[in-house]
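Subject: Structure handover

Hello,

Here is the structure I said I would pass on. My notes on what turned up in it follow below.

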Amino acid sequence: MPPRLCALCHAVRAILKRPKTGQQICKECFFYVFETEIHNTVTEAKLFKPGDRVAIGASGGKDSTVLAHVMKTLNERYSYGLDLFLLSIDEGITGYRDDSLETVKRNQQQYDMPLKILSYDELYGWTMDAIVTQIGKKNNCTFCGVFRRQALDRGAAILNVDHIVTGHNADDIAETVLMNIMRGDIARLGRCTSICTQGEDTIKRSKPFKYAYEKEIVMYAYFKKLDYFSTECIYSPDAYRGHARAFLKDLEVSRPSAIIDIIHSGEAFEIKEDVKATQKSQQTCRRCGYMSSNELCKACTLLEGLERGMAHAVATDRGRKKLDADDHAPENLRTIPFFQLPASSRPNSTAPIEAAS
Amino acid sequence: MSCGNPQAEPDALMQRKKKYDKTRNCVRCKDAIGNIVIRHAVYCKYCFFPLTTHKFRRALEPNVNAKPDGPRKTALKPAGTLLVGFSGGLGSSVLLDLVYKCYVSLDKSTMPAEGGRDHPRHERVWKKITVCYVEVCDAFPGTPDRTEDVTKFVSRYDELQLATLRIQDAFDPAWWEKIGGRMSFADIGVSLADEALFIGSLTQSHLDPLAALRAYLSSLPTPTAVHSAIQTLVRVLLLHSALHTGASHLILGTSLTSLAISLISGVAQGSGFNIREETSEEWYPDTGVTNVPEYWPDEGRKGKRLKRTVRVVRPLRDIGMKECAAWAWWSHIPVVGKETWLWPGAKPGIGTLTKEFILGLEQDYPSTVSTIVRTCAKLQPKGEVEGKCILCGRPAQRGVQNWKAQIAIRSQPPPPPAADARAALSPAPVVAEPPFQASLTPYLCYTCHTTLTSRSARPVPTPWPDLARPSVVSLPVWTAARLSVSAESEGAEMVEPTDEEVVRQRKMGQDEMKSIVNEFLLED
């Protein structure tokens, strides 16, 4: 039987079957369509403007490793004119971050990008190891997630960048759509498919891999021989998210387009106006200046809980409200430095990067 | 050291979680010992019936008058008769029982207490109630025909008329003509072998409806597509039957649990734009392809006559599967049952996987189904509507094909600016521009287009593997009729959460990466 030719170039032997489309294609065409689809996502959403300073959230995992590579490639190929940086967060988990930070440091040299590593210890005075020692394995995800989100913004502010890009892929977004429907988180459901999020007081954050399948990201890393570290929760996997993830994988096996179909669904609906009106409005934390839906932001509440030895109580909504209501924080309480948007994050009038006509 | 044997060691047994909140007594009458727990609340058998009837009426009655949620102080006055979609399953059996008790036998136990004996609310609401059953056994090999059982079941309820259809009626021009459908002038079909969904002429005109149905189903790319196609065919058959029988309302026995499953399954199949229709729907028949009767909106026959529409309501949407089972058990309803749509070698589709997932999740998180339904009720479609899908009849979103093309490149794009070297080394072969051929794609919504084109990673067996598959297969009669009308009128060819996790780092070797993507790599 003659070798099957690539369904795209019809010239070279096909060596892979694209998980996203089922087409049998050659390696070069795979690189090209993968990168071009990211470029389409970037230009369609008008994510960047020439001269933007962009931080790539780099964990050393597959998504961020491939993201750094693709951002560098596209920036050169299409002359985006971006200043790219790498931004890593060290949560302080002994023995686990070290290797992946090495990958990030190698990326810094390979791609010639400045790197900033910001640790929880530096920012909050607590490492994840210390947090787990106090609260145990239950609920530690709440602390890590909240602290990481703020840490990225604060790291970006230190780097004085306009924009953070993260490696969230199509599988992550589809999973989040399902999760938010199943747990009734209408506010997050409304915004989880947005490619870019920016509040008045936060740095613009976007997901160029929004439509990229996780399998294709691994495939890209494999063929490009990029090395990365696989990520696995060691402390406390979120059981509910685990269910959703397993379900999504089953759906993908049954019909690979399910991932993109869920994202399409998420983009094709919105929250009704009357429901929107009942949503809490955003404000800034009175203690650290970060965006918040309450008087105190989540990170300040959690940090106060840790400092006062009542971290268990603040991991729940009820506990947080109680702490919010109790305004008698000790005088010598360690707090998070006040957050200020970098000067460059102010709107500028430069035209966004669009697809060449 | 602990052996973990509960008999030897009582602490080894996990403490059983109480299924109810506070007491074993009924939360309604506060007197009798409870017989059923409905999401942590305990009800006795005697309070369960009025509670369920109340939920049923609350979901249906605000939708009975032409103006939904309008004043209903005097009476419920539907614009037409009632059609009950009956599948033989638990939900539709309970629905039929409730309809009969509330609107035919006027069972006193189902009547609201207030308003007195002669209150207009106690009059018959529906002049005629028809039960419509669509037999789908011919779609799958070895599936028993339940028509007789259904006939026997419906005959328990006097004054209810039964209309039976067969799934292949969707491909039967005689049925279509009988219900006032406009005949398609040409024998047109579609090629499902190609993603382009080219429209073509049928090789065999006037194909037997059963053969046409089986050829259509066998050409679908996945088990999900087969299930989804049958659900669509049944839904549209019921809608046309409702229109034909003068029904203003079509009610379905979708329970809260089934609704949650269909919402998640719909989202997983890309039908986010139609999430509202999954709960309730106002169907406007296509006047171009079927005869749509008119009616007087007011009793006095004043004003302008209006074209009929069919309102689809799911009155069991607040009643879970467990409550339906309790109603059926305590009311001694002999549920006919539904066959699972399976065939040899078939893997579970998205609908089946979603059902298993939701039912499993409900065990640990009992409020899940209710949360899903309440969350989806807070959503509305986003974006512009571009007509109606000619296959399912639901609103189609504008620009879905552009969206699909943008996020997944399926044909060779021009070389990138910096790829000149590669282009020079391997010039793309000259491919002749294919001649223009009409496609079904522009007439489809996202979900139907995905149903017809999205394939599995591995080939899947079809329900009828021995059937000769023609290159062009028949389309449902309403779709073929719409295509004919379009061709005629055009006079030419048609056209993030924050809960991220603490991570363990492990370097990925090339072999390990390869194992993840191995199933997508072609052999050397």
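**A buried pair in chain B**

B:Arg235 and B:Glu281 are both buried. Please keep in mind that this is a predicted model. The two residues form a salt bridge, in which the closest N and O atoms are 3.0 Å apart.

Over all chains, the search of the whole structure gives 41 salt bridges. In general, side chains of opposite charge can pair when their charged atoms come close.

A:Glu304 takes part in two of the contacts I looked at. One is with A:Arg287, where the closest N and O atoms are 2.7 Å apart. This pair links distant parts of the chain, 17 residues apart: A:Arg287 sits in the loop between β11 (283-284) and β12 (291-292) of chain A, while A:Glu304 is in helix α13 (residues 298-307) of chain A. The other is a salt bridge between A:Glu304 and A:Arg308, with 2.3 Å between the closest N and O atoms.

Is A:Glu304 buried or exposed? Its relative accessibility is 1%, and buried means under 20%, so A:Glu304 counts as buried. A:Arg308, by contrast, is partly exposed, with a relative accessible area of 26%.

There is also a network of salt bridges in chain A that links A:Lys62, A:Asp63, A:Asp171, A:Glu214, A:Lys215, A:Lys249 and A:Glu252.

Strand β4 (residues 83-90) of chain A has 8 residues, of which 6 are buried, so the strand is largely enclosed by the rest of the structure.

Which strands pair with β4(A)? One is strand β3 (residues 53-57) of chain A, which runs parallel to β4(A) and is joined to it by 5 bridges. Another is strand β5 (residues 115-119) of chain A, also paired with β4(A) in the parallel sense over 5 bridges.

β3(A), helix α2 (residues 62-77) of chain A and β4(A) make a right-handed β-α-β unit. A right-handed β-α-β unit is also made by β4(A), helix α3 (residues 97-111) of chain A and β5(A).

Regards

Notes: Residues are numbered from 1 along each chain as its sequence is written. Chains are lettered from A and ligands numbered from 1 in the order in which they are written. This is a predicted model: local features need pLDDT of at least 70, side-chain atom pairs count only at pLDDT 80 or more; totals for chains, interfaces and linings use all residues. Side-chain values use heavy atoms; hydrogens and water are left out. Buried means under 20% relative accessible area, exposed over 50%, partly exposed in between (1.4 Å probe, protein chains only). Helices (H or I, at least four residues) and strands (E, at least two) are DSSP runs, numbered from the N terminus. Two strands pair if DSSP finds at least two bridges between them. A crossover is right-handed if, with the strands pointing away from the viewer, the path from the first strand over the helix to the second runs clockwise. A salt bridge is a side-chain nitrogen of Lys or Arg within 4 Å of a carboxyl oxygen of Asp or Glu.
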